[in-house]
Amino acid sequence: MAAAQTDSPDGTTVTEQQAVRPARKAGRNKALAALLAALGSGIILLTIGRSWAHGDVTSPITFKVNATGSQLTGVPYALGLAGLAGALALFAVKRIGRYFVGVVLALAGAGSVYAVADRLSSLDDALHTQAGIQGLGSQTKISGIDNSLWPYLTILGGVLLCLAGIYTLVRGRTWSGLGGQYDAPAEQAARATAARPAGPVTSRDLWDAQARGNDLTVGADAD
């Protein structure tokens, strides 16, 4: 799309798109980080309740035993909720808060991956625990222990969540906060006053200012 150009009173040419494009790019980057965080958290929360492990009890009786992700560990669920909250917070916080959210997202993702990997390495103990909950003693024998695809999807969710946090830490300094409409009235007035032209305000000035998100009528009574 061609850049819109306007002629200023001193004869210089102002390219409006040069000011608009960085803000749009920053908005897209922030939306991408939030999308990654929401997607990763959603995958974690959707897969944590699925059957992660299964086996065959051969003694003292014969039956199949299963364990869901939430039965094996509750850590990914809690971290998934934290990641979902962080995805929403990205649209509200400013620079310092954004770094904090980035750290939370990265740690939540890494913690989820570690928790799942740790439980996959001890499925035997986990299934014995589930057999004990069902009333069998410590002499229970379980064979054919295996895991399903679900815990690997949970790991994928943790990786996406961690990537969202890292991306926020690397690129977050260029992102804006909620926007000008959420600033204090005094800040809006000061910003509008600074944006007003030195001479009389024309209809062209009002039109261009509104296109940029400024309101030249704010603070006009103070002149």
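Student: In which sense do strand β3 and β4 pair, and over how many bridges?

Tutor: Two strands pair if DSSP finds at least two bridges between them. Strands (E, at least two residues) and helices (H or I, at least four) are DSSP runs, numbered from the N terminus. Here β3 (residues 51–59) and β4 pair in the antiparallel sense, over six bridges. His 54 has Asn 66 in β4 as its bridge partner. The model is predicted: local features need pLDDT of at least 70, side-chain atom pairs count only at pLDDT 80 or more, and totals for chains, interfaces and linings use all residues. Residues are numbered from 1 along each chain as its sequence is written, and side-chain values use heavy atoms, leaving out hydrogens and water.

Student: What is the strand order in the open sheet?

Tutor: The order is β4-β3-β5, with antiparallel pairing. The edge strands, β4 (63–68) and β5 (141–147), each pair on one side only.

Student: How do I read the packing of two helices, and at what angle do α3 and α4 cross?

Tutor: Two packed helices are described by the angle between their axes and the distance between the axes. Axes are lines fitted to C-alpha atoms, for helices over the stretch in contact; angles run from 0 to 180 degrees between N-to-C directions. The axes of α3 (residues 75–89) and α4 (residues 95–120) come within 9 Å and cross at roughly 155 degrees. That makes α3 roughly antiparallel to α4 (under 35 degrees is roughly parallel, over 145 roughly antiparallel, 65 to 115 roughly perpendicular, the rest oblique).

Student: Which residues of α3 meet α4?

Tutor: Contact means heavy atoms within 4.5 Å. Val 75, Pro 76, Leu 79, Gly 83, Gly 86, Ala 87 and Ala 89 of α3 meet residues of α4, including Leu 105 and Gly 111.
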